[in-house]
Amino acid sequence: MDAVITFVRSHFFYARWLQTQPRNIKVDQKATYFGGQTDLYRFISYSLQYPEEAFRNNIQGKVVLRLLIEQNGEISDISVYKSVHPLLDSEALRVAKTMLRFTPAIKNGLPVRSYLYLPIDFKLG
């Protein structure tokens with residue numbers, strides 16, 4: 001009986017530990033922005049300010065950010081996964097830091113930490 005209880009306890013703690021690991025695991029449901037993709041890109045286009053120097057120098061491209069979405073939906077870490085230019089990278093980071101919560105990813109019915117890759121296009125006319 002003790003072995004069964006120990007197994008159940010260790011399995012429970014292992015499952016809880018797995019929930020806290022932000023690995024590139026296959027999830028049942030990916031993390032989504034509160035309001036969905038449409039609201040996410042609406043927020044980005046509303047908040048994004050093209051850096052003046054980048055505009056003058058015709059700097060454009062797609063910055064890809066990596067966001068760590070926690071089990072409660074908060075963004076705990078944001079980094080540049082694919083850089084275009086420091087001016088565009090910093091503007092993309094600025095906007096991402098002002099985003100609201102996400103609905104966390106789900107694995108086996110439980111919320112899990114996960115990475116979300118967010119492309120932000122900077123295009124001129």
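Predicted model: local features only at pLDDT ≥ 70, side-chain atom pairs only at ≥ 80, totals over all residues.
**View 1. An open sheet of three strands.** Here you can follow the strands in the order β3-β2-β7, with antiparallel pairing. At the edges sit β3 (75–82) and β7, each of which pairs on one side only. From one strand to the next, the twist averages 25 degrees. Take a moment with β2 (residues 61–69) and β3 as well: these antiparallel strands are joined by six bridges. Within this pair, L65 has V80 of β3 standing opposite.

View 2. The relative accessibility of S114 is 7%, and because buried means under 20%, S114 counts as buried. Which residues is S114 in contact with, leaving aside its neighbours within four places in sequence? They are A31, L67, L68, I69 and A105. Of the strands shown in the previous view, β7 is an edge strand of the sheet.

**View 3. Helices α2 and α4 packed together.** Two packed helices are described by the angle between their axes and the distance between the axes. For α2 (residues 36–47) and α4 (residues 86–97), the angle is about 125 degrees and the axes lie 10 Å apart. That angle makes α2 oblique to α4. The crossing of the two helices is right-handed. On the α2 side, F43, I44 and S47 make the contact, and they meet E91, R94 and V95 of α4.

Methods. Residues numbered from 1 in each chain as written. Heavy atoms only, no water. Buried < 20%, exposed > 50% of the residue type's maximum accessible area, 1.4 Å probe, protein only. Contact = heavy atoms within 4.5 Å. Pairing = 2+ DSSP bridges. Helix = DSSP H or I, 4+ residues; strand = E, 2+ residues; numbered from the N terminus. Axes fitted to C-alpha atoms, helices over the stretch in contact; angles between N-to-C directions. Parallel < 35°, antiparallel > 145°, perpendicular 65-115°, else oblique. Left-handed = near helix turned anticlockwise from the far one by under 90°.
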